[in-house]
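Student: Please take a close look at one part of this model, the pairing of charged side chains, and then connect it to the surroundings. I would like the cut-offs stated as you go.

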Amino acid sequence: MKRIVAILLALFALSVASAAAQSDYYRKKAEEYTREAEYYQKKADGYRREAEYYLKKAEGYEREASYYLKKKDTSRARTQQRYAKEAADKANTQMRYAKEADDKAAMYLRWAADALRHN
């Protein structure tokens, strides 16, 4: 009888330990996912800063183009307009990267919430 009680107690202790370990696993996974989300959010912020930089460059090139148009130097004006278009394209690309990074951050946050629900 004592053996059966000891075995039952041992099985109970194992099941409690297993549940605690599983709970700890999901908590750690949620923390991992949260760190990943923070990483991608920082990347998105960096991409947005880059986009702002390129937009400012495009504005500068447009000012230069208008200056050269006033001076009737159409060749240089076209060159500056081309530079402005390229800078605007780079800004759009950076904004696309920012959106993709935001989407990844949101995905990791969803995964973290799911892991915490398992907890």
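Tutor: Arg96 and Glu100 meet through their side chains in a salt bridge with an N to O distance of 4.0 Å, the term being used for a side-chain nitrogen of Lys or Arg within 4 Å of a carboxyl oxygen of Asp or Glu. The model is a predicted one, in which local features need pLDDT of at least 70 and side-chain atom pairs count only at pLDDT 80 or more, while totals for chains, interfaces and linings use all residues. Residues are numbered from 1 along each chain as its sequence is written, and side-chain values use heavy atoms, with hydrogens and water left out.

Because Arg96 and Glu100 are 4 residues apart in helix α2, about one helical turn separates them; helices here are DSSP runs of H or I with at least four residues, strands are E runs of at least two, and the numbering starts at the N terminus. Arg96 has a relative accessible area of 45%, so it is partly exposed, and Glu100 is likewise partly exposed at 43%. On this scale, buried means under 20% relative accessible area, exposed means over 50%, and partly exposed lies in between, with a 1.4 Å probe and protein chains only. Elsewhere, salt bridges that share partners join Asp24, Arg27, Lys28 and Glu31 into one network, and the count of salt bridges comes to 12.

Two further pairs are found in α1. Asp45 and Arg48 form a salt bridge whose closest N and O atoms are 3.0 Å apart, and they lie in that helix 3 residues apart, about one turn. Asp45 is partly exposed at 32% relative accessibility, as is Arg48 at 25%. Lys29 pairs with Glu32, the closest N and O atoms being 3.6 Å apart; because these two are 3 residues apart in helix α1, about one helical turn lies between them. Lys29 has a relative accessible area of 21%, whereas the value for Glu32 is 37%, and each counts as partly exposed.

Leaving aside neighbours within four places in sequence, Ala115 is in contact (heavy atoms within 4.5 Å) with Tyr26, Lys29 and Ala30. Ala115, Tyr26 and Ala30 belong to the largest nonpolar core, which has 9 residues and also includes Tyr33, Ala37, Tyr40, Ala105, Tyr108 and Ala112. Such a core is a set of buried Ala, Val, Leu, Ile, Met, Phe, Trp, Tyr and Cys residues joined through side-chain atoms within 4.5 Å. Each of α1 (2–70) and α2 (74–118) supplies at least two residues of this core, and α1 gives the most, with 5 residues.

Rings of Phe, Tyr and Trp (its six-membered ring) pair if their centres lie within 6.5 Å, and planes under 30 degrees apart count as stacked, over 60 as edge-to-face and the rest as tilted. The structure holds 10 aromatic pairs, among them Tyr25 and Tyr26, an edge-to-face pair at 5.2 Å centre to centre with 70° between the planes. Tyr25 itself is partly exposed, with a relative accessible area of 46%.

Returning to α2, the helix of Arg96 and Glu100, its 45 residues reach 66 Å from first C-alpha to last, close to the 66 Å expected at 1.5 Å a residue, where the expected span is 1.5 Å times one less than the number of residues. Its buried residues include Gln94, Ala98 and Ala101. Gln80, also in α2, counts as buried at 12% relative accessibility, and, apart from neighbours within four places in sequence, it is in contact with Tyr61, Glu64, Ala65 and Tyr68.

Lys72 has a positive phi of about 65° although it is not a glycine. Most residues other than glycine have a negative phi.

For the chain as a whole, there are 2 helices and 0 strands, and buried residues make up 21% of the 119 residues. Among contacts between residues at least 6 apart in sequence, 77% join residues at least 24 apart.
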